[in-house]
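Here is a short briefing for a first look at this structure. Keep the model open while you read.

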Amino acid sequence: MDSLDKLLAELQTEYKEVQPQQQPKSITAKSFIPSLPKSASFMDNLLAEVKADFAQEDAAIELKKQQELEQEKIRQEQLKAKQLEALKVEAKEWLAKVDPLSSEGLWFERFAESYPSKLEAAIEYLRNNE
């Protein structure tokens with residue numbers, strides 16, 4: 001029995017020596033494998049967040065550009081309207097001063113025939129002669 005106890009003790013010693021060497025490897029392998037998908041999933045989520053942030057910034061920049069273009073368009077239309085009003089005033093003054101029997105007045109009468117009104121003809125005439 002004594003020899004059996006010795007043999008059993010030797011086996012236990014060998015088992016204990018072998019088991020700690022194998023166990024950390026298996027624990028490390030086990031813990032590393034599950035963390036890979038978590039890490040990949042974390043990176044995917046982080047990447048998706050960054051992409052979403054950039055998309056949101058791009059959308060905000062695009063919206064701002066569209067608003068600026070719309071504001072510029074409105075400003076240009078207001079400027080054109082103001083210039084047209086100034087030209088109308090000038091055309092009315094010119095029409096009041098032009099002698100209808102002068103060469104310029106006679107020419108203008110023929111020119112104005114193709115316009116709905118003499119004022120519109122005068123505006124066009126002054127616009128082209130500025």
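Glu 85 counts as partly exposed, at 44% relative accessibility. The model is predicted. Glu 85 has a salt-bridge partner, Lys 88. The points below start with that pair, go on to two other pairs, and end with the whole chain.

- Glu 85 and Lys 88 form a salt bridge, and their closest N and O atoms are 3.8 Å apart.
- Lys 88 is partly exposed, with a relative accessibility of 29%.
- Side chains of opposite charge can pair when their charged atoms come close.

**The pair in helix H3**
- Arg 127 and Glu 124 are joined by a salt bridge between their side chains, at 3.7 Å from N to O.
- Helix H3 spans residues 118–128 and holds both of them.
- Here too the spacing is 3 residues, about one turn of the helix.
- Arg 127 has a relative accessible area of 42% and is partly exposed.
- Glu 124 is at 23% relative accessibility, so Glu 124 counts as partly exposed, because buried means under 20%.

**The pair of Glu 109 and Lys 118**
- Glu 109 forms a salt bridge with Lys 118.
- The closest N and O atoms of this pair are 2.7 Å apart.
- Glu 109 is partly exposed at 31% relative accessibility.
- Lys 118 is partly exposed as well, with a relative accessible area of 43%.
- How many salt bridges does the rule give? The count comes to 4, including the pairs described above.

**The chain as a whole**
- The chain contains 3 helices and 0 strands.
- Read from the N terminus, its elements run α-α-α.
- What share of the 130 residues counts as buried? The figure is 9%.
- The accessible surface of the chain is about 11,300 Å².
- Carbon and sulfur atoms contribute 59% of that surface.
- Among contacts with a separation of 6 or more, 48% link residues 24 or more positions apart.

Key. Residues are numbered from 1 along each chain as its sequence is written. This is a predicted model: local features need pLDDT of at least 70, side-chain atom pairs count only at pLDDT 80 or more; totals for chains, interfaces and linings use all residues. Side-chain values use heavy atoms; hydrogens and water are left out. Helices (H or I, at least four residues) and strands (E, at least two) are DSSP runs, numbered from the N terminus. Buried means under 20% relative accessible area, exposed over 50%, partly exposed in between (1.4 Å probe, protein chains only). Contact means heavy atoms within 4.5 Å. Accessible areas come from the Shrake-Rupley method with a 1.4 Å probe; for residues, only the protein chains shown count as cover.
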